[in-house]
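Please look over the sequence and the structure shown here before reading on. The report that follows takes up confidence, helices, cores, a sheet and some local backbone features in turn.

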Amino acid sequence: MKDYDLANRRYVLAGVAVTIVVVYLIRLFTLQIMSDDYKKNADSNAFLKKIEYPSRGVITDRNGKLMVYNQPAYDIMVVMNEAKDRTDTTEFCNALGITKEYFIQRMADIKDYNKNPGYSRFTQQLFMSQLSDKEFSIFQEKIFRFPGFYVRRRSIRQYQYPYAPHVLGDVAEVSPADIEEDDYYQPGDYIGKIGVERSYEKQLRGEKGVQILLRDAHGRIQGRYQDGKFDRKPRPGKDLTLSIDLDLQALGERLLEGKIGSIVALEPSTGEVLCMVSSPTYDARIMTGRNRGKMHAQLSRDVWKPLLNRSIMGQYPPGSTFKTSQGLTYMTEGVITPTTQFSCHRGFYHRGLHVGCHGHGSPISLVPAISTSCNGYFCWGLYYMLSNRKKYKTVQDAMNTWRDYMVSMGFGYKLGVDLPGEKRGLIPNAQFYDKAYHNSWNGLTVISISIGQGEVNLTPLQIANLGATIANRGYYYVPHVVRKVKGEPLDTAFTRRHYTKASAAAYNYIVSGMRSSVLGGTCKHLNRGDIAICGKTGTAQNRGQDHSVFMGFAPMDNPKIAIAVYVENGGFGAEFGVPIGGLMIEQYLKGHLSPGSEARANVFQHRRIAYGSRNR
């Protein structure tokens, strides 16, 4: 029995020994054959790969005015294996104008794998970024005293003007998420954060180059490896030409000073964005260099939310500008004809429901209903559409037909503008109301959507696109702020026409109504004779003071500009929306403002709206 146990023990011990040897061999195979970690470390000792950064593409407006360019800057890099404890900390800190505490903390952060996942003591790590020429020249004189520290030449973005920060965006250091998403980036690299700097990052950034330098056993540079055979030159980023008209953008920002809102102007024939103003705004030039993080944090805490691009992120009731889409739908669906008249005695009255309206002639047909912005007319139109059981089996069928028209006009979904952060707004459908009213609702329940109130929400971009669609008599192009990428064709998403479900005949009557509005209706202050403007006011109800809205285009034939103006709590559409829209149209079509218009612009520039201290 004892001999049997001893034999078993020998087998067990032999098995353990064999297992250990096998595991050891597998580990050796993995380290030496399958893994290149040791090779990398050896290469890191022998070679210094010096990254050469490309110049980022410059950005100009549609007329060639330089808006964004590059300025030289310098990064301080450190190789921990070379620096070790050989640095005179006091002298180093004096040379860079930093404290000893900052130096100690920064060196610790570099070694922290959580904060710096790509850390290696053999490769260059970013110690300090974006030194100016003056800071660099002071440090350069003493760099020989600081072994392990190197200078890397970079470029940083500079913004020529204070305008269009929401369109341009800015550039900042990459986050860990950016690095994980795209292996092009390494810690310390820069990336576009918002605006076109973000959406056209791959075109703007270019391609990095690399110099492979040979080092001796002491880490000293001995020259280029194989005379630069494996070096790669950087490729500069591609230049962008924006569709923005800088002078028009500047005027829009000036006119919205002291107000909350947006102005969006489009070229109907292309979908190019001529201006995109969001107010409150900020100076694009403050978001550069090492102060970028500090300024971004400061703007983020501002209760008026200047970082919010209200042109594509603000979701508002469109008010009476929406009546144009209703007229198009009712006429195309046969609910009305151009001569159909509805009564309006200061509003819509039916079965105890009242929707108010201002005084005008009654009964009224489509063109004067647009001209005078009659609430009653469009309420009756929606009521008869949703109640028509000869054409639609159920109110749900009618509602979804209505929804399909709205979606075809660019509402309810993102238009696809080439900027990050666009919101979709809201266009309700039958399922929305079935859920809200437990399947018990009708045309009267939802009547307010016919005049751009209730559940309907649009972005200012969508309202401007409505104007462009009417100007084109039935189609639009996806709005875009980049007109040209150097060396690339424009994305076909921006060159395809999108036709709506409304008929061409219906559009002609809506155009007539908008022209009539300027000749003698709610937009009569735009009737100056030299430009055939078509317009539609909107007064969007709000919990506080109403919002002032204007949507229009000009000239009536062969339109060059479509525009939406939205001023929060600005009152009637004619109070802020119409005059601001008129000034913007004049500036774009004539290239300047007349002396009288310049005086009006000064008045509106200095008109403030009292918003109080509410968190908006």
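## Confidence in the model

Over which residues does pLDDT stay under 50? This happens over residues 37–43, for which the model has 2 contacts beyond four places in sequence, where pLDDT is the predictor's confidence in each residue, from 0 to 100, and contact means heavy atoms within 4.5 Å. Where pLDDT is low, the predicted coordinates should not be read in detail. Over the protein, pLDDT averages 90, and 90% of the residues score at least 70.

This is a predicted model, in which local features need pLDDT of at least 70 and side-chain atom pairs count only at pLDDT 80 or more, while totals for chains, interfaces and linings use all residues. Residues are numbered from 1 along each chain as its sequence is written, and side-chain values use heavy atoms, with hydrogens and water left out.

Helix α17 covers residues 395–408; helices (H or I, at least four residues) and strands (E, at least two) are DSSP runs, numbered from the N terminus. At 1.5 Å a residue its 14 residues should span 20 Å, and the end C-alpha atoms are 20 Å apart, which agrees; the expected span is 1.5 Å times one less than the number of residues. Because 10 of the 14 residues of α17 are buried, this helix is largely enclosed by the rest of the structure, where buried means under 20% relative accessible area, exposed over 50% and partly exposed in between (1.4 Å probe, protein chains only). Among the buried residues are Trp-402, Arg-403 and Tyr-405, and what covers the buried residues of α17 includes α14 (323–332), α16 (375–386) and α18 (430–437). After α17 comes Gly-410, whose phi is positive, near 95°.

Helix α16 is mostly covered, with 11 of its 12 residues buried, including Tyr-377, Phe-378 and Trp-380. The cover over the buried residues of α16 includes α14, α15 (366–372) and α17. From its first C-alpha to its last, α16 reaches 17 Å, close to the 16 Å expected at 1.5 Å a residue.

## Nonpolar cores

In soluble globular proteins, nonpolar side chains tend to be buried together. A nonpolar core is here a set of buried Ala, Val, Leu, Ile, Met, Phe, Trp, Tyr and Cys residues joined through side-chain atoms within 4.5 Å. Of the 99 residues in the largest such core, Val-196, Leu-242, Met-276, Tyr-377, Trp-402 and Ile-470 touch the most other members, and α16 gives the most to this core, with 8 residues. Apart from it lies another core, of 33 residues, among them Leu-248, Leu-255, Ile-260 and Met-584.

Leaving aside neighbours within four places in sequence, Val-196 is in contact with residues including Ile-59, Val-167, Leu-242 and Val-482. Gln-587, in helix α21 (residues 577–590), is buried, with a relative accessible area of 12%. Not counting residues up to four places away in sequence, Gln-587 touches Asp-247, Leu-248, Leu-251, His-592 and Leu-593.

## An antiparallel sheet

An open sheet is formed by 5 strands in the order β12-β11-β20-β19-β18, with antiparallel pairing; two strands pair if DSSP finds at least two bridges between them. At the edges stand β12 (272–279) and β18 (534–540), each with a single partner strand, so one side of each is left without a neighbour in the sheet. Strand β18 is joined by 7 bridges to β19 (residues 547–554), and Gly-538 stands opposite Val-549 in β19. Helix α19 (residues 460–471) lies across β11 (261–267), β12, β19 and β20 (561–567), running at about 150° to β20; axes are lines fitted to C-alpha atoms, for helices over the stretch in contact, and angles run from 0 to 180 degrees between N-to-C directions.

## Backbone features in loops

One runs from Ser-279 to Pro-280, with omega near 5°, and Pro-280 lies in the loop between β12 and α12 (292–301). Another runs from Ala-554 to Pro-555, with omega near -15°, and Pro-555 is in the loop between β19 and β20.

His-438, in the loop between α18 and α19, has a positive phi near 55° although this residue is other than glycine, and at 67% relative accessibility His-438 counts as exposed. Arg-473, in the loop between α19 and β15, has a positive phi near 60° and counts as partly exposed at 23% relative accessibility.
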